[in-house]
Amino acid sequence: MASSTILVTGGTGTLGRLVVPLLREAGRDVRVLSRHGGTPSGDGITYVTADLLKDEGIEPALDGVETVLHLAGGPKGDDEATRNLVRAAQRADVKHLVYISVIGADKVPLGYFKAKLGAEQAVAGSGLPWTTLRAAQFHDLVLKVVGTMTKMPVVPVPGGLRFQPVDAREVAARLVELTLGEPAGLVPDLAGPTVYGLADLSRGYLRARGKSRPMLPVRMPGKAGRAYRAGENLSLETAVTGHRTWEDFLAERVA
């Protein structure tokens, strides 16, 4: 297994672009799976075109692969796409399947989280040796959210929403460590070092841009609102925490 090519699904995404160079630095050849393929670079990285959701092109992508790092994801359908990948990985006799999920997958009653849980269950029930890491929302995603919200003249702030944003580079480093290690099942969550209310995140972003906006508290209704107010999307006691804060990220990306 030490010398076999590692297949990275979603290797051209936010996380994949960080993971692939780290795997190469570790001396591993990498095969990047995406829906659009890529240009061969000749530096130990090859590209294959496959569509996990449509179940197209997966088996050829797995040819000769013993380790799969499954990063590909979208707003919906992650459970179905992962089941397709798992079936092909079973036929290919994959020796280690590594999956990135989200903290609260088993608790937050929203479609995205439910799909992530379904994907987790497909991996854990595959009969293959596996490792799953649940991570908090990346700084990059929080930046998109607050960037959109703060364009409004008055920024809506759903009460009780708290986040533990984590730096994608720290998640990438942890995933590489897990991928190169032995299968470990569900490992401790990885979250950022600080818990923030949504208003704090928005204010920090506005400060970094030298701006300000009035904020309007609003109430998130329904089961999802109750889950967020209860902190079901957080991992306060058992998580491993990264080092880079939201402020660190903003200083680098925005200021």
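Me: Which residues in H9 do His139, Asp140, Val142, Leu143 and Val146 in H5 meet?

Reply: This model is predicted: local features need pLDDT of at least 70, side-chain atom pairs count only at pLDDT 80 or more, and totals for chains, interfaces and linings use all residues. Residues are numbered from 1 along each chain as its sequence is written, and side-chain values use heavy atoms, leaving out hydrogens and water. Helices (H or I, at least four residues) and strands (E, at least two) are DSSP runs numbered from the N terminus, and contact means heavy atoms within 4.5 Å. In H9, those residues of H5 meet Trp246, Phe249, Leu250 and Arg253.

Me: Why is H5 given its orientation relative to H9, and what is that orientation?

Reply: Helix H5 (residues 139-149) packs on helix H9 (residues 246-253) at about 75 degrees, with axes 11 Å apart. Axes are lines fitted to C-alpha atoms over the stretch in contact, and angles run from 0 to 180 degrees between N-to-C directions. Angles under 35 degrees count as roughly parallel, over 145 as roughly antiparallel, 65 to 115 as roughly perpendicular and the rest as oblique. The angle therefore makes H5, relative to H9, roughly perpendicular.

Me: How are H1 and H6 oriented to each other?

Reply: The axes of H1 (residues 16-25) and H6 (residues 168-180) come within 9 Å and cross at roughly 45 degrees. H1 and H6 are therefore, to each other, oblique.
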